[in-house]
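The sequence and model are shown first.

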Amino acid sequence: MSEPIRLVFDVDGTDFSAAGNASMELKKELRSLGFPRDVVRRTSIAMYEGEINMVIHAGGGQAIIEISPEEISVTLADHGPGIPDVSLAMQEGYSTAPEEIREIGFGAGMGLPNMKKNSDEMRIESVVGTGTTVYMKFRVA
């Protein structure tokens with residue numbers, strides 16, 4: 001790959017059944033490019049968690065991925081309510097997911113912690129009333 005590959009996915013916040021489609025497509029792309037299994041796994045897990053968060057909390061958003069031989073960068077941006085306390089949201093088990101989401105097995109408060117655990121770098125920018133952008137990087141070597 002001579003030039004970085006850029007993928008853009010719109011995450012539909014109204015269709016819970018489609019949540020995970022972008023992470024599945026990213027996983028297929030990384031596999032087809034021959035990335036190491038561990039990198040594919042970590043990137044796919046973090047991407048899925050972010051995608052689910054956008055559906056549950058923000059009404060959807062956009063995922064922008066840039067792939068180079070050395071690094072995969074993932075930007076997840078939404079126009080949801082924002083995160084009032086990012087450090088609290090980063091605590092395992094903390095969740096603001098509604099009860100109906102928890103009843104179907106989501107909203108356990110592991111999304112952001114899993115994203116951080118699986119990425120090599122992660123940064124969150126959030127403005128209450130405006131939205132949240134999560135930046136993640138995954139080193140290949």
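The sections below cover a strand hairpin and then the salt bridges of this predicted model.

## Strands 4 and 5

Strand 4 (residues 121-127) and strand 5 (residues 131-139) run antiparallel and are joined by seven bridges. Within this pairing, E125 has T133 of strand 5 as its bridge partner. The two strands form a hairpin with three residues between them. In the turn, G129 has a positive phi of about 85 degrees.

E121 is partly exposed, with a relative accessible area of 39%, and R139 is partly exposed at 37%.

## Salt bridges within helices

The model has eight salt bridges. One of them joins K28 and E25, with an N to O distance of 3.5 Å. Both residues belong to helix 1 (residues 21-32) and sit three residues apart, about one turn of the helix. K28 has a relative accessible area of 48% and E25 one of 38%; K28 is partly exposed, and so is E25.

In helix 2 (residues 37-58), R42 and D38 are four residues apart, or about one helical turn. Their closest N and O atoms are 3.2 Å apart, forming a salt bridge. R42 is buried, at 11% relative accessible area, whereas D38 is partly exposed at 40%.

Conventions
Residues numbered from 1 in each chain as written. Predicted model: local features only at pLDDT ≥ 70, side-chain atom pairs only at ≥ 80, totals over all residues. Heavy atoms only, no water. Pairing = 2+ DSSP bridges. Salt bridge = Lys/Arg side-chain N within 4 Å of Asp/Glu carboxyl O. Buried < 20%, exposed > 50% of the residue type's maximum accessible area, 1.4 Å probe, protein only.
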